[in-house]
Amino acid sequence: MADLLLAANHAGDIQLDPVVRDRATMELALAAAVLIDLAIEKRIRLEPPGCVRILAGHSGDDPLTHRVLHDLRRKARPRSVTDSLYVLADIVTPLVWTRLAGQGDAQPRSARCRRRPRFEFVGLRAIRRPHLYLTAAADRDPVDTTAAALWRLLTLLHLDGESTDLMLSDTTIARLDAAEPAPQVTPILSAVALALHVHATAL
């Protein structure tokens, strides 16, 4: 999900600046996307009163998942969803870019561009994926709950409308608006919505 979220922020033209330029905002959103993936994959469980518990099991071959679970384990457990968001926000962005680079969808920027992100997308394949994924998900009945969670994150970042070139049909948007994310990820969406609001208020 984090890959799709980052791609949606660059949808339209990879040569232009991302739609959401505030780094901390994107870091929090990407952290939420990673937590949502972990919850769906049953690598973590959310327990009352909103604590994140890491479940036993192998972290797999994905370096991003391995690093995220490692960093969460290093801290006192169980921790709150909000605390987990801030822990991951510090590390997740370069990990997502590195994964995209490993897939051939991104590459390091020129060292001369020190004020810009370290990576950039290569070609249009990656930034078209959010459109293809969301369109296909909205065609299913019921709409996939993972897509519904991604759509909620895009909505929080205002990446669901005319600010991006996702080029979704009105029917697709309506179905995504009406879709409900899985119950186990709702606390993550609520926590990131509050964190983004607090950050925006502080700007």
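1. Glycine 50 takes a positive phi near 90° in the hairpin of β1 and β2, which has three residues between the strands. The two strands, β1 (44–47) and β2 (residues 51–54), pair in the antiparallel sense over four bridges; pairing requires at least two DSSP bridges. Isoleucine 44 stands opposite isoleucine 54 in β2. Strands (E, at least two residues) and helices (H or I, at least four) are DSSP runs, numbered from the N terminus.

2. This is a predicted model, in which local features need pLDDT of at least 70 and side-chain atom pairs pLDDT 80 or more, while totals for chains, interfaces and linings use all residues. Residues are numbered from 1 along each chain as its sequence is written, and side-chain values use heavy atoms, without hydrogens and water.

3. β2 also runs antiparallel to β3 (residues 79–80), joined by two bridges. Serine 80 in β3 is the bridge partner of cysteine 51.

4. Helix α9 (residues 186–202) has 17 residues and spans 25 Å from first to last C-alpha, close to the 24 Å expected (1.5 Å times one less than the number of residues). Its buried residues (under 20% relative accessible area, 1.4 Å probe, protein chains only) are Ile188, Leu189, Ala191, Val192, Ala195, Leu196 and His199. They fall within an arc of 160° seen down the axis, so they line one face of α9; the arc is taken from the directions from the helix axis to the C-beta atoms. The face turned away carries Leu194, His197 and Thr201, which are exposed (over 50%).

5. Leucine 153 is in contact (heavy atoms within 4.5 Å) with residues including Leu189 and Val192, leaving aside neighbours within four places in sequence.
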